[in-house]
Each structure stands twice: as C-alpha cells, then as structure tokens.
Amino acid sequence: MDKKKISVCMATYNGEKYIGEQLHSILKQLGENDEVIISDDGSSDSTLYIIEALNDPRIHLYKNEGEHGYTKNFENALKHSDGEIIFISDQDDVWMDDKVRVMCEALKYKQLAVHDAEVTDAELNVTIPSFFEHYKIEQGFLRTLAYTRYTGACMAMTREFLELCLPFPDNQNLCPYDYWFAYLGEYTHEAILIRMPLIQYRRHENTALHAGEYSTRTTKEKIDTRIYCLKEMMKRIRERKKR
C-alpha cells in the first residue's frame, strides 16, 4: 500500500529564534513526497530568510494576504496543503523523533489525533512533564466545551476531517482554530487522545498563543466564545448532512 502523503502546516510570525530548530525536527521525519506548508503573517525579522536558506524542496512558503492573526494564518497554510494526513505545527516547539509514526498510526482509527506534550521553558528545560496530566485533559464533548485545553500544536488529522472544518468561522477572536478542531472532533466522536508526549512545547516571553493554559478571558467572553462556536458547529454539521 502506498504511503499517505503528509502535510505539515505551520503559521509563522517573527519566529527567527527557534524556527530553524523546529523545522529540522520535523523534516527528518518526513518522506521525499511529503510537504511543509508555511504561512507567514508579515514577519519583519529573519524568519523568511532562515526558511529559504534551508533550500528544502518539501517546504512551500506562502504569505498570508488575508486577515491577520494566528487562526487565519493557520487557515491559509491549511488551504494550500494537499496531503492525506495533516499535522499542525507551531514555529517554536521541537518534535520528538517518533511523532509522525505514532500519529499516523492513530489516524488509522480516528480522524483527529491529539497527543500529550512536555512543556518547557525557552531553553527546553522541562517545566511540566505532562500537559495532559497538568491540565487534567479528558475526552468528551461537554467536557471539552466547558474546559477547552486541547492545543493545535499537538494535533494531526485526516483530509476528510479537515474538509469538514474548512473554512473556519469568520470571527477568529470568538473561535480560535484549535477550539474549532476540538469541538468538531469530540462532537463527531472522531477524536483520539495519545497519552504520550510527542513535542517539547516551548513557552517563552514571545509566545503568540498560550493554548491550553488557564484563560484570562472574562466569564462573558468565555460564554460568548462557546455560544458562537456551538452555533457555527451546528450550522456546519447541517450543511454537511445536506451534501
């Protein structure tokens, strides 16, 4: 059986400090027919130079010409991908050596796989050995809706699941991309948790998004977010059933 093509989708913005290390950790796990799709949100540092200097034909770089922000930047990368298996990647983590193999195996059974992570500081010193244990992450749609702590950097999915999720809802402030994946994955019973740390999840002063960490949003903002996502999700499910 032919190996399924893998697309790693990454959103970048001023990531010069760590992006080279991250790309090396990813590329060594990919085959010659796989791809890394990078969408850049207007970096003003050396991010683009570092990417281009790798001179790897598997890397395809696009500029995000639409609405800025991490969710829309990821959406731009995802729309340019054509793999059968899609990985989400931040610009500043480090993938562990077995990540691609383990996640591809999990996706034989479900359409969305989410793995555990070691949380580290900027120098990759481990501060939290298990993201899942620290944030008490368990499966279930209602639990996920109430306590949304899945993080996109730990996700991989099938093409079929991605097609259900695209396009993202218009309001990225009320529906971050990883919330959207998490809600749809749990609602459709297509999510699986891999209780194995497969990345070093680097947290540092310039981290763009503290996904999964305790929210600083007000109660009203949390309620508004969930109501909006729930409405958009029901609309998407109805649309899919009509096809």
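Biologist: How do strand S1 and S4 pair, parallel or antiparallel?
Modeller: Strand S1 (residues 6–12) pairs with S4 in the parallel sense, over 5 bridges. Two strands pair if DSSP finds at least two bridges between them. Helices (H or I, at least four residues) and strands (E, at least two) are DSSP runs, numbered from the N terminus. Note that this is a predicted model, where local features need pLDDT of at least 70 and side-chain atom pairs count only at pLDDT 80 or more, while totals for chains, interfaces and linings use all residues. Residues are numbered from 1 along each chain as its sequence is written, and side-chain values use heavy atoms, with hydrogens and water left out.

Biologist: Which residue stands opposite Ser89 in S4?
Modeller: That's Met10.

Biologist: And what about S4 and strand S8, in which sense do they pair?
Modeller: Antiparallel, over 3 bridges, with S8 covering residues 155–158. Ile85 has Thr158 as its bridge partner in S8.

Biologist: Why is strand S4 largely enclosed?
Modeller: Because 5 of the 5 residues in S4 (residues 85–89) are buried, the rest of the structure largely encloses it. Buried means under 20% relative accessible area, exposed over 50%, and partly exposed in between (1.4 Å probe, protein chains only).

Biologist: Which way do the S4 residues point?
Modeller: Ile85, Phe87 and Ser89 point one way, Ile86 and Ile88 the other way, and all are buried. In a regular strand, side chains alternate between the two faces of the sheet.

Biologist: Switching to the core: which residues touch the most other members?
Modeller: Leu23, Val36, Leu78, Phe87 and Phe181, out of 71 residues in the largest nonpolar core. Helix H8 (residues 177–187) gives the most to this core, with 7 residues. A nonpolar core is a set of buried Ala, Val, Leu, Ile, Met, Phe, Trp, Tyr and Cys residues joined through side-chain atoms within 4.5 Å.

Biologist: What does Leu78 touch?
Modeller: Not counting residues up to four places away in sequence, Leu78 touches Cys9, Ile86, Ile88, Leu162, Leu166, Phe168 and Phe181. Contact means heavy atoms within 4.5 Å.

Biologist: What pLDDT does the protein chain average?
Modeller: 94, and 95% of the residues score at least 70. Residues 208–212 are below 50, and beyond near neighbours in sequence this stretch has 14 contacts in the model. pLDDT is the predictor's confidence in each residue, from 0 to 100. Where pLDDT is low, the predicted coordinates should not be read in detail.
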